[in-house]
Amino acid sequence: MKMRRLRHLILVTVPMLVLNQSYFGIENKHRVSSASCSQSELAWFPFVPADEEFTAMIPARNTVLVRPSNYPIRKDGERVLADRAYGGYGNGLVFIIESFKAEHPQNLWGPLLENADKSAVFDRELAFDGVTARQYRSDYSSSYAKYTRRIVRFITNEHVYFLTLITLEETNPAVEQFLSSFRLRRPQDRVTSYETQSTEYIPGLVFRNTEVTRRATVVWKHEPSYTAEARAHQVTGTVILQAIFAEDGYVANITVTKGLTDGLTERAIDHARSIRFFPAEKDGKPVSQAFTLEYNFNLF
C-alpha cells in the first residue's frame with residue numbers, strides 16, 4: 001500500500017516539475033515582449049563596483065562603458081587614470097554615474113567643468129558621508145518628449161564623480177530613492193559584479209517610427225574615440241549599426257551593417273550598448289523600436 005502511494009506521488013510530482021521548468025524557460029526567453037512586469041515593479045538592489053569609492057541602490061542592472069584612460073584633460077595637466085560610465089534604466093529613471101580617477105582628483109575639477117552643461121542651474125547641496133556635493137538641474141524638450149536632468153558633482157579622495165539622473169516627469173520618487181541610497185563605500189561592502197543587461201535576446205514586436213505614438217528619446221550618448229591602432233594606420237570612415245531600442249530601456253540585437261578595422265567597429269558597439277534612452281510608446285505602453293546608428297571616425 002505504501003509503495004503504491006509512493007509511485008502515485010512520483011507520477012504526479014514529476015510532470016509538475018517538468019511543466020514548471022518549461023514555463024520558466026518560456027518566461028525568460030520572452031521577457032522583453034511581455035509587459036507583465038512593469039518598470040515600477042522592479043526591485044532595487046545594491047551596486048558596489050570594484051575600484052570605486054561609492055555604493056548605491058539601483059533600479060536596474062547596469063551597463064559599463066570603459067573609456068580610454070591615462071590622459072590629461074589639459075595639456076600637461078592632471079592625468080585621468082581611469083574613466084568609466086555606469087548606467088541603466090528602471091522605474092522611469094535613467095541613471096549614469098561617470099567616474100574619473102586621478103592621483104589628485106581636485107586638479108580635474110576645473111577642466112571637467114569646462115565641458116559640463118552650461119544651461120544647468122544650481123538646485124541644492126547634498127552630502128554623502130561628509131562629502132559635499134552640488135546638484136544642478138536643467139529641463140529639455142526634444143521633438144518627441146520633455147524631460148528633466150539632474151546632475152550631482154563631487155570629489156572624493158581618488159575620484160571626481162558626476163551623477164546624471166533623468167526623468168520624463170519633473171518630479172519622480174526614484175530620483176530621491178537613488179540619492180538617499182548613495183554613500184561612500186565601506187570596508188565591509190562586498191563588491192558586485194559588472195553584470196549587464198543581456199543584449200542578445202530576441203524582443204517581441206519591433207515597431208517602425210511611423211507606428212509608435214512616441215519615438216524612443218535618446219538622453220545620453222557618448223561618442224567613441226580612436227583606438228591607437230586605427231590612429232596609427234589613419235583609418236577613417238563610418239561604422240553603421242542596426243539595433244533595437246528595447247522596451248526595457250536597453251539597446252539590444254546590435255548587428256554591423258558597415259564596419260571599420262583596428263578596433264573601431266568594436267568601440268562603436270561598446271558605445272552603442274551604453275546609450276541611455278526612454279523607450280518608445282504605443283498607446284501608452286513601452287515598445288521596442290528599430291534604429292540605425294552611425295559613428296563617424298575622422299582624423300583632424
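Mentor: Buried means under 20% relative accessible area and exposed means over 50%, with partly exposed in between (1.4 Å probe, protein chains only). The structure above is a predicted model, in which local features need pLDDT of at least 70 and side-chain atom pairs count only at pLDDT 80 or more, while totals for chains, interfaces and linings use all residues. Residues are numbered from 1 along each chain as its sequence is written, and side-chain values use heavy atoms, with hydrogens and water left out.

Trainee: Why does arginine 84 count as buried?

Mentor: Arginine 84 counts as buried because its relative accessibility is 16%. This residue is found in strand E6, residues 82-90; helices (H or I, at least four residues) and strands (E, at least two) are DSSP runs, numbered from the N terminus. Its side chain makes a polar contact of 3.5 Å with the side chain of glutamate 52, a polar contact being a pair of N or O atoms within 3.5 Å where, within protein, one must be able to donate a hydrogen and the other to accept it, and where residues adjacent in sequence count only if both atoms are side-chain atoms.

Trainee: How many helices and strands does the protein have, and what percentage of its residues is buried?

Mentor: There are five helices and 19 strands, and 44% of the 300 residues are buried.

Trainee: Which strands pair with E10?

Mentor: Two strands pair if DSSP finds at least two bridges between them. E10, residues 146-155, has eight of its ten residues buried. With strand E9, residues 131-141, E10 pairs in the antiparallel sense over eight bridges, and there aspartate 139 has threonine 148 of E10 as its bridge partner. Strand E11, residues 159-167, also runs antiparallel to E10, to which eight bridges join it, and threonine 164 of E11 stands opposite isoleucine 151. A hairpin of four residues leads from E9 to E10, and another, of three residues, leads from E10 to E11.

Trainee: What is arginine 134 in contact with, leaving aside its neighbours within four places in sequence?

Mentor: Contact means heavy atoms within 4.5 Å. Arginine 134, which lies in E9, is in contact with Phe122, Arg124, Glu125, Ile151, Val152 and Arg153, once neighbours within four places are left aside. A polar contact of 3.0 Å also joins its side chain to that of tyrosine 136. Its relative accessible area is 32%, so arginine 134 is partly exposed.

Trainee: Where do the buried residues of H5 fall, seen down the axis?

Mentor: An α-helix has 3.6 residues a turn, so residues three or four places apart point the same way. In H5, residues 264-273, the buried residues are Leu264, Thr265, Ala268, Ile269, His271 and Ala272. Those residues fall within an arc of 165 degrees, so they line one face of the helix; the arc is that of the directions from the helix axis to the C-beta atoms. Among the elements that cover them are helix H4 (228-232) and strand E19 (285-297).

Trainee: Which element gives the largest share of the lining of the second largest pocket?

Mentor: On a 1 Å grid over the protein atoms alone, a pocket is an open set of points where a 1.4 Å probe fits, with protein on both sides within 12 Å along at least five of seven lines, and lining residues have an atom within 4 Å of a point. The second largest pocket holds about 630 Å³ of space, a volume being the space filled by probe spheres set on the points, which are joined across faces, edges and corners. Of its 24 lining residues, Arg67, Glu98, Phe100, Asn115 and His222 are the closest to its centre. The largest share of the lining, three residues, comes from E10.
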